[in-house]
Amino acid sequence: ARCGVPYGLIVYGGDLLELRRNFRASPFKRRTARWLLGGADLIVAISRWTGDLAGEVLQEIGLEQHTGKVRVVPLGTDPDVFHPGLDPAPLMAQYGLPGGRWLVTVARLVPHKGIDTTIRALALLAARYPDLRYAAVGQGSHQAALEELAGNLAVADRVHFLNGVSDRMLPLAYALADVYVGASRQTEREVEGFGIALLEAQASGKPVIAGKCGGMPDAVREGVTGVLVDSEDPAGVA
């Protein structure tokens, strides 16, 4: 900006929540937010929800005239990488996974991703579906708490945490799924601005269960490729 070079921004959702939290607490950060957003020629949002949030943030810092700079451009996937018909056997062999039907989530193991809700839903389904299992593909600080929850609900033997899945093997994680579950929730600082994993799962030919918060409704064709649910409600997810 100091050199007079036009620039644009891409906003995802959680970044805007954090920005708003910061500028509400600090006049200096409010000025910084005005400079950053006000100087952009274009603000690209990854979902309608994120676009609406960007508009709210602009108005809150006195940049109402800049709301017309917001454009919504949803994310996409590479059809050469994520597509139906892949065999998950190499992934199952690598992680020692048993047969059966699988719920799958690809996400960081952090609270807002709703993996705890999916474990609770699995526990509700366990008696009816003795071959149903759950693979959480990712890693993060919340894993120990999730393992403890699975143990308390007597489904520890059905919940598998697949850490360190490579980009090359990731499409096989979706191939493993009978149903993909993305039960993310919104918190003060975190939100699913779109849900690229939902799109990757659908591109892999898998039905999805997704939370109806944040930008996730933009990532699902409800009733056709998936179902939107209350991600805070294990019974609804089940």
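**Figure 1. β7, helix α8 and β8 form a right-handed β-α-β unit.** The model is predicted; local features need pLDDT of at least 70, side-chain atom pairs count only at pLDDT 80 or more, and totals for chains, interfaces and linings use all residues. Residues are numbered from 1 along each chain as its sequence is written, and side-chain values use heavy atoms, with hydrogens and water left out. Helix α8 covers residues 196-203. Helices (H or I, at least four residues) and strands (E, at least two) are DSSP runs, numbered from the N terminus. Right-handed means that, with the strands pointing away from the viewer, the path from the first strand over the helix to the second runs clockwise.

**Figure 2. Strand β8 pairs with β7 and with β9.** Strands pair if DSSP finds at least two bridges between them. β7 (residues 179-182) runs parallel to β8, with three bridges joining them. β9 (residues 226-229) is also parallel to β8, over four bridges. Ala210 is a bridge partner on both sides: of Gly182 in β7 and of Leu228 in β9.

**Figure 3. The side chains of β8 (residues 208-211) point two ways.** In a regular strand the side chains alternate between the two faces of the sheet. Val208 and Ala210 point one way. Ile209 and Gly211 point the other way. All four are buried, that is, under 20% relative accessible area; exposed is over 50%, and partly exposed lies in between (1.4 Å probe, protein chains only).

**Figure 4. Phe82, Tyr174 and Tyr180 form a ring cluster.** Rings of Phe, Tyr and Trp (its six-membered ring) pair if their centres lie within 6.5 Å; planes under 30 degrees apart count as stacked, over 60 as edge-to-face and the rest as tilted. The count is two aromatic pairs. Relative accessibility is 10% for Phe82 and 1% for Tyr174. Tyr180 has a relative accessible area of 2%. Phe82 is buried, as are Tyr174 and Tyr180.

**Figure 5. Arg185 lies in the loop between β7 and α8.** Arg185 is buried, at 12% relative accessible area. Its side chain makes a polar contact with the side chain of Glu232, at 3.3 Å. A polar contact is a pair of N or O atoms within 3.5 Å; within protein, one must be able to donate a hydrogen and the other to accept it, and residues adjacent in sequence count only if both atoms are side-chain atoms. Leaving aside neighbours within four places in sequence, Arg185 is in contact (heavy atoms within 4.5 Å) with residues including Pro111, His112, Asp116, Glu190, Cys213 and Ser231.

**Figure 6. Cys3 is exposed, whereas Cys213 is buried.** Relative accessibility is 73% for Cys3. Cys213 has a relative accessible area of 17%. The structure holds zero disulfides, a disulfide being a pair of cysteine sulfur atoms within 2.5 Å.
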